[in-house]
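Please look over the sequence and the three-dimensional view before reading on. The report below moves from the whole chain to single residues.

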Amino acid sequence: MAKILNEVSRTFSEFLIIPGLTKAENVPANVDLYAPMAKFKRGSKSSFALNIPFVSASMQAVSGADLAIALARKGGLAFIYCSQSIESQAEMVARVKLHKAGFVPSDSNLRPESTLAEAVALSRKTGHSTMPVTHDGTGTGKFLGILTDKDFWEFEDNLHAPVSRSMTAKENVVFGKVGISLHEANKLLRQRKKECLPILDKNGRLQSLVFKKDYIDHIKNPYEMLDEKKRLAVGCGINTHDFKQRVPVLIEAGADVLCFDSSDGYTQFQCDAARWTRATFGKKVVIGGGNVVDAEAFRYLAQEAKVDFVKVGIGGGSICITREQKGIGRGQASALADVVAARDAYFRKTGTYVPVCSDGGLANDTQIIIALAMGADFVMMGRYFAMTTESPTPKVSIGGRLYKPYWGEGSNRARNWQRYNAESESDFKFEEGIDGYVPVVGSLSDVLGVTIAKLKSTMCNAGALTLGEFMKNAVLTRVSDQSFVEGGTSNIKTMDQEVLK
């Protein structure tokens, strides 16, 4: 007969954290949210770590280039979805990598004979009002001048005139030379009271731009995730079907982390793909495996597949119906607790720490905090980021309120048949995800700001200044249905109730 586990499958909503001693140093300003992502040996540090413990799911409705840029600036990491062509996924990665800290390749360029009408169209397309003029209209052409929206009036000037008549010519432009440090470039901008500094090579060809606004943006985002070239970090989802073709292209485009996007990662397919990737590229890239829900599957991916981190969760996502459709999965809290125990035992036995990511089952900030307290090194979320303005889907108005389309990778809309080990799209017989809408809640920065504030406050309540201390020292208690009632408002008519009466 089948083996039956007597333990009830638990969710994060069934737990609360018992406060620990809050010492004088336990204030939010002292909390460090460093989270390891790549496995490491006892006594050493992870070769790749997050500055905040949040990553976005590899989903069409979540992780586009704009969200990846916004999340990396805050210290997290996005996983560009793999349910698209190899070329388009690589293009998204390249877009993120263009955002080098300080030195930005220009993507809005004009020729001297281009018309002002073309300049207006280009500005609207890219959203950039500063446009270098080069001899061939490329971002690396011979620099001739620069045009901004302050150089002409769109509704007054002749838009058929060439930009050469309105641009600021090179001899009147303050520029830097290749080799200048970012500090020196920003100092020059400040001294000359300029908004943009073109960087030219010895032959006078444009190489990059330095903007005043980027300096200000960096000051506001001190925890940016950057690679060794000072470019924003980005992750990519991959599958076990075309990995030999996809992985080399993504790494060439600049992907820092790869993670298998699978509803069930306890497979030989994933093990073989992970081992091939490691054998081919060595430690050049961080590799994540999953998803799993128990200790045995964790050990398989850690020992046999030799992945850097393991993703936990089957069927717990807000858009996922795997449990309903196939009867497989496990309550996210139970799954995470089992895998975390296996991770700690593996560390004690081998001296190698394999980080764990909790993916799914996170309906609110409280559950995110519980997941980290239970031992997750970082969490992956879909709906959370799909609701932000930076997610790739368009806003739609429903009943006077703004929403965004949101669908699972197991839905017919995604057609992500590779994720489910189907031989082809025609073998995609049933759905494991649904298609719906989520409300727009604001910018990623605003949403993350609230979550991080809550997390740091709770960590201080638990007497922890690091996530490692938090998971080590946290004491959790099960709660009853009556505890939920007691923890909410009682005998109070809220403003919402009054309005709806």
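What share of the contacts in the protein with a separation of 6 or more is accounted for by residues 24 or more positions apart? Such residues account for 63% of those contacts, where a contact means heavy atoms within 4.5 Å.

## Basis of the report

This is a predicted model, in which local features need pLDDT of at least 70 and side-chain atom pairs count only at pLDDT 80 or more, while totals for chains, interfaces and linings use all residues. Residues are numbered from 1 along each chain as its sequence is written, and side-chain values use heavy atoms, with hydrogens and water left out.

## The whole protein

The secondary structure comes to 16 helices and 23 strands; helices (H or I, at least four residues) and strands (E, at least two) are DSSP runs, numbered from the N terminus. Of the 501 residues in the protein, 51% are buried, a word that here stands for under 20% relative accessible area, whereas exposed stands for over 50% and partly exposed for values in between (1.4 Å probe, protein chains only).

The protein exposes about 24,400 Å², and carbon and sulfur atoms supply 52% of that area. Accessible areas come from the Shrake-Rupley method with a 1.4 Å probe, and for residues only the protein chains shown count as cover.

## Salt bridges

Side chains of opposite charge can pair when their charged atoms come close. The structure holds 16 salt bridges, each being a side-chain nitrogen of Lys or Arg within 4 Å of a carboxyl oxygen of Asp or Glu. One of them joins the side chains of E7 and R330, at 3.7 Å from N to O. Because E7 lies in the segment before β1 (15-18) and R330 in the loop between α9 (322-326) and α10 (332-350), this pair ties together parts that are 323 residues apart in sequence. R330 counts as buried, at 14% relative accessibility.

Another salt bridge is formed by K454 and D365, whose closest N and O atoms are 3.0 Å apart. This pair also links distant parts of the chain, since K454 is in helix α13 (residues 444-461) and D365 is in helix α11 (residues 365-373), 89 residues apart. K454 is partly exposed, with a relative accessible area of 40%, whereas D365 is buried, with a value of 13%.

When residues up to four places away in sequence are not counted, R246 touches C82, Q84, S85, I86, Q89, G237, I238 and N239. For I86, which is 160 residues away from R246 along the chain, the C-alpha atoms of the two residues are separated by 5.7 Å.

## The second largest pocket

About 780 Å³ of space lies in the second largest pocket. On a 1 Å grid over the protein atoms alone, a pocket is an open set of points with protein on both sides within 12 Å along at least five of seven lines, and lining residues have an atom within 4 Å of a point. Grid points are joined across faces, edges and corners, and a volume is the space filled by probe spheres set on the points.

The lining of this pocket has 33 residues, and S47, K283, K284, V285 and V286 lie nearest its centre. β3 (40-41), α6 (243-253) and α8 each supply at least two residues of the lining, and α6 gives the most, with 3 residues. The lining divides into 12 nonpolar, 6 polar and 15 charged residues; Ala, Val, Leu, Ile, Met, Phe, Trp, Tyr, Cys and Pro count as nonpolar, Asp, Glu, Lys and Arg as charged, and the others, Gly among them, as polar.

## Backbone details

A cis peptide bond, with omega about 10°, joins G290 and N291, and N291 lies in strand β15 (residues 286-292).

K193 is found in the loop between α4 (182-192) and β11 (196-200) and is exposed, with a relative accessible area of 75%. K306 lies in the loop between α8 (295-305) and β16 (309-312) and counts as partly exposed, at 41% relative accessibility.

Methods. 1 Å grid on protein atoms, 1.4 Å probe; cavity = no way out; pocket = protein on both sides within 12 Å on 5 of 7 lines; lining within 4 Å.
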